[in-house]
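The sequence and structure are shown first, followed by notes grouped by topic.

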Amino acid sequence: MIMQEQDAAFQESLVRDQERARKKKEEEDAIKKIQEEEDRIKKLKEDKIAAREDLREILKLSLQEETKEDTIALLFRLPNGSRVSRKFAPSSSIKEIYEFALTLRRITQFFRPGQQLPQACVAVRRRVIHEKLH
């Protein structure tokens, strides 16, 4: 009788220990899975930043030099409030202007051209920009 009670108590204790170990392993696996997902997301962000930097460098190399004669000066306002001025030839395409804008460090991939007076946004076909970015 005592032996059976001891065996039953041992079995209950064994089941509790196994359950505790199983829960601990599940928690560790969940933490590991979350960490792996965070690492994957971090790597994707780093890869995206690196790809954007590579694109900037490629675009910088392909930019034409500023001309001194017969130019149109454009002013770029950056999100941090600073301004960058660049002169373009009248024959420059919108694509060239966007490529220059993309080479600026503090500018995001998403921006819109505008004019100062009267203040307005300038409509540009997205296809021209999209082809170069992707």
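Helices are DSSP runs of H or I with at least four residues, numbered from the N terminus. The model is predicted: local features need pLDDT of at least 70, side-chain atom pairs count only at pLDDT 80 or more, and totals for chains, interfaces and linings use all residues. Residues are numbered from 1 along each chain as its sequence is written, and side-chain values use heavy atoms, leaving out hydrogens and water.

**Burial and core**

- The buried residues of helix 2 are Ile 97, Tyr 98, Glu 99, Phe 100, Ala 101, Leu 102 and Thr 103.
- Phe 76, Leu 78, Phe 88, Ile 97, Phe 100, Ala 101 and Leu 104 form the largest nonpolar core (buried Ala, Val, Leu, Ile, Met, Phe, Trp, Tyr and Cys residues joined through side-chain atoms within 4.5 Å).
- Helix 2 (residues 94-103) supplies the largest share of this core, three residues.
- Phe 100 is in contact (heavy atoms within 4.5 Å) with Leu 63, Phe 76, Val 84, Arg 86 and Phe 88, not counting residues up to four places away in sequence.

**Packing against helix 1**

- The axes (lines fitted to C-alpha atoms over the stretch in contact, with angles from 0 to 180 degrees between N-to-C directions) of helix 1 (residues 2-62) and helix 2 come within 8 Å and cross at roughly 130°.
- Arg 56, Leu 59, Lys 60 and Ser 62 of helix 1 meet Glu 99, Leu 102 and Thr 103 of helix 2.

Conventions: Buried < 20%, exposed > 50% of the residue type's maximum accessible area, 1.4 Å probe, protein only. Helix = DSSP H or I, 4+ residues; strand = E, 2+ residues; numbered from the N terminus.
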